[in-house]
Amino acid sequence: MPQITIQELTIGYRGPSLLSEVSCRIEPGERIGLLGRNGCGKTTLMRLISGQETPESGKIELSEATRVAILPQDVPMGISGTAAEVIALGLPAEMSDIENHWERDQMVDRTLEQMEIDGTADFQRLSTGMKRRVLLAQAIVSKPDVLLLDEPTNHLDIDAITWLEGFLGSLSSTLLFVTHDRAFLTRLAQRILEIDRGKLFDWACDYPTFLKRKEQALLAEEKQQALFDKKLAEEEVWIRTGVKARRTRNEGRVRALEAMRNLHAQRRKTEGNVKMQIDAGERSGMLVCNLTGASFGYDNKVIIPPLDITIMRGDKLGIIGRNGAGKSTLLKGLLGKLDPMEGKVKLGTKLEIAYFDQTREILDIDKTAEENVGQGKTMITVNGKSKHIIGYLQDFLFTPEQARSPIRFFSGGQRNRLLLAKLFARPANMLVMDEPTNDLDTESLELLEERLVEYDGTVLVVSHDRSFLNNVVTSTVVFEESGIKEYVGGYDDWLRQRKAALKAASKANDAKNGSSSSASKGGIKQTLPASGKTQESVAVAKKMSFKERNELEKMPGLIESYEAEQRSLHTKMAEPEYFKLPQATLQKDQSRLNELDELLVSAYARWDELSARDV
C-alpha cells in the first residue's frame, strides 16, 4: 500500500499553474530526489505534502497514522532558546504533558547524542550550519515516517555533508529531498521525480541514469515538436486556400486543424538556459596576492597561523574547511581587508574585485530586481555592449514582470540568480565567491561552472559543493587539523593526495632509522602552523650565497620595473590612434608584452625559491 498518494493535484499563484493535474505514488522507505528549475514548485509540493498548503484541486492522501516532518530551506526568524528547547518543539503536543516529561527528555537527549549537538548551546549564537543541524534534529526527534528536506546541504561544511549522507542513509523513514548538491544526490537518491512545466515526471531511476534518460527525452521531444509544427504549417496553408477548402467540405480536417491549434497554444515551452557572461575587464598585474609568513586574527587571538600563499593572475583557488575554521578571515587577509598580525601581504596592481556574498546582504528585498541590478540606471554595459536592464535580466531567466517585482517574493534560487546577475553586470578581473552554488538549479550551476572555467581573471571560491570544486578550481586550500595546506586540483585531487601523504608518512614512521617524512608528494604544500614555512621549503633550505642574497634583495624592484613597463605598454595600446602605427611597431610591442609576461612568471618563481631558502 502506498504511503503517499497524489491524485490530479493542481496549484498555482500567478501565471501558469506550478502543478497541473499531477499524480504520483510514494512507497514506504523510498529515498527520492525532487528536481526542477528554480521557481518550478518543488518547495510548494513539499509544503502540500506536509499540510502547510492547500491545493486548488485534487488531493493528497497519506496512509493511516503517517507522521510527516519538514526541514525548511531557510532558517525561520524568531527562533530562540537552547538547542535542546528548539529540538523539543518538534515533538507532538501531548508530549508536553507533565506525565510525559521523562519520555520527552529521553527522546531529546537521544537525538542530541545522535546528531552530535550541545543541548545547552544558545540557538541564536550558533553558525548557520549548526542551526540547520538543530532544525534537522527537530524534524527527526519524533521519528517521522516521512522526512521532507529542502536544500539540506545549504550552509553545511563538507564534513557535515558527509556525516549527513551517512545519517540519512541509515534512516528507515521515507525521504523526499530537494538539493543542488550533485554528489549528495548521486549517493542518496534511489528514485528521481522531476517537475517540468507544471507536470511531475517519475523517472524511476538513480541520478546518473536520470541524466542519460533526460538527454534522450529532450532530443525526442524536440523532434516530435518539429514534426508537429511542420504538419500544423501545412494545414494552415491548406485552410488559407479558402474556396478550395470550403468546396471539399472536409469538416473532419478542419476540426483536426482547430485541435492542433489548441494544442500548440497550450504548449508550455521548455524554459531557456541562463545566458551568463562574465566581463573580465582590464587585466590585473601578474601577481594578485602574496602572503609571506602572514597570520591573521582578532583581538590578539590568532585564527589563521603564519602561512605562505602566492596567487597569480588566472588562478582559480578553492577554499575548504569546517564552519568557523576561519575561511572568511583568510579571504579578508588575501584581499587586504585585514592587516596581518605578523608577516607580509603584497597585493597586485589594477585589481577590480567583485564579491558574491552567500548571505545576499547586498540585495534589497524591498526593491525590484531591476532596481537591485541597475541601481538607478536603465542601461548597462557588458563586454563592451550596451543592454537594457530588462533585456539583461531576461538573460538570467527573469520575465519583464519578475524584473519589475519586489524580490521579497523570489525563491532562494531566484535570489541567487539575481545576485549573479548583479555581480556580472560590471567588469571585474577578480571574483571572490562565498558559496555561489546554494539554491541554484542544475542547469544554471553547470553554466556557471563553464563560464568560470573560461574566465580569464582570478577566482577565489569558498564552496562545499564537491562537484563544483572538481570542475572549476585549479588548486585548493584546505583547513585541516594539522594546519592549512594547499593542494593541486579540486576536491577529489585533495582526497587522493592526502591519502598518499598519510601513507607516505606512515611508511616513514615505520622505517628502521625513524626518520620523519619530509615534503609531501603529489603537489602538496604543507604549512606548519608554528613557523609558517612549508615542509617543502624546510626540506630544500640551504645556506644562501652572497650573490643569491643580493639577487633576492633586488627581486622586488625588478618585478616592479617589469610591471611598470607592462602598464605603460597597455596604456599605449589603449590609445585610439595606436593601431595606425606601422605594422613592425605593433609586432614589436606585442612581442615585448609577451616577453614581459614570461619574465614576470620567471621572476616570481625565482623570488619564491629564494624566499623559501631565506631561513
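This is a predicted model: local features need pLDDT of at least 70, side-chain atom pairs count only at pLDDT 80 or more; totals for chains, interfaces and linings use all residues.
**Glutamate 443**

I then looked up where glutamate 443 belongs in the chain and found it in helix α15, which covers residues 442–454. I also checked glutamate 443 against arginine 37: the two are 406 residues apart in sequence, yet their C-alpha atoms are 7.8 Å apart in space.

**The chain as a whole**

I next noted the overall make-up, which comes to 20 helices and 21 strands. Of the 615 residues in the chain, 46% are buried. For contacts between residues at least 6 apart in sequence, I recorded that 69% join residues at least 24 apart.

**Sheet β2-β1-β4**

I turned to the open sheet whose three strands come in the order β2-β1-β4, and noted that the pairing is antiparallel. Why do β2 and β4 stand at the edges? Each of them, β2 at 19–26 and β4 at 57–62, has a single partner strand, so one side of each is left without a neighbour in the sheet. Ignoring direction, I found neighbouring strands of this sheet turned against each other by 15 degrees on average.

I followed the pairing of strand β1 (residues 4–11) with β4, which is antiparallel and rests on five bridges; isoleucine 6 has isoleucine 60 in β4 as its bridge partner. I then asked which strands helix α1 touches. Helix α1 (residues 42–50) packs on the sheet and touches β1, β2 and β4, with its direction at about 125 degrees to that of β1.

**Sheet β11-β10-β13**

I looked up another open sheet of three strands, ordered β11-β10-β13 and paired in the antiparallel sense. Its edge strands are β11 (301–312) and β13 (342–347), each of which pairs on one side only, and the twist from one strand to the next averages 20 degrees.

Strand β10 (residues 287–298) is joined to β13 by five bridges in antiparallel pairing, and I noted glutamate 342 in β13 as the bridge partner of serine 295. Helix α10 (residues 327–334) lies across β10, β11 and β13, and I wrote down its angle to β10 as about 130 degrees.

**Nonpolar cores**

I wanted to know which residues have the most contacts inside the largest nonpolar core. This core has 47 residues, and those with the most contacts inside it are Phe424, Leu431 and Met433. Helix α14 (residues 412–423) gives the most to this core, namely five residues.

I then listed what phenylalanine 424 touches, leaving out residues up to four places away in sequence: Met276, Gln277, Ile278, Val382, Tyr392, Phe396, Leu431, Met433 and Leu448. A second, separate core holds 44 residues, and I noted Leu91, Leu135, Ile140 and Leu175 as being among them. As background to this entry, nonpolar side chains in soluble globular proteins tend to be buried together.

**Aromatic pairs and clusters**

I found seven aromatic pairs in the structure. One of them joins tryptophan 163 and phenylalanine 167, which are stacked at 5.1 Å centre to centre with 10 degrees between the planes. How far apart are these two along helix α5? They are four residues apart in helix α5 (residues 158–170), and therefore separated by about one helical turn. Phenylalanine 167 counts as buried because its relative accessibility is 7%.

I compared this with the pair of tryptophan 203 and phenylalanine 210, which is edge-to-face, with 5.4 Å from centre to centre and 80 degrees between the planes. Tryptophan 203 counts as buried at 15% relative accessibility, and phenylalanine 210 is buried too, at 6%. I also noted that Trp203, Tyr207 and Phe210 form one aromatic cluster.

**Charges over rings**

Returning to tryptophan 163, I found arginine 133 lying over its face, at 4.4 Å from the ring centre. My last entry is lysine 337, whose charged end sits over the ring of tyrosine 355, 5.8 Å from its centre.

How values were computed. Residues are numbered from 1 along each chain as its sequence is written. Side-chain values use heavy atoms; hydrogens and water are left out. Two strands pair if DSSP finds at least two bridges between them. Axes are lines fitted to C-alpha atoms, for helices over the stretch in contact, and angles run from 0 to 180 degrees between N-to-C directions. Contact means heavy atoms within 4.5 Å. A nonpolar core is a set of buried Ala, Val, Leu, Ile, Met, Phe, Trp, Tyr and Cys residues joined through side-chain atoms within 4.5 Å. Buried means under 20% relative accessible area, exposed over 50%, partly exposed in between (1.4 Å probe, protein chains only). Rings of Phe, Tyr and Trp (its six-membered ring) pair if their centres lie within 6.5 Å; planes under 30 degrees apart count as stacked, over 60 as edge-to-face and the rest as tilted. A charge sits over a ring if NZ of Lys or CZ of Arg is within 6 Å of the ring centre and within 35 degrees of the ring normal.
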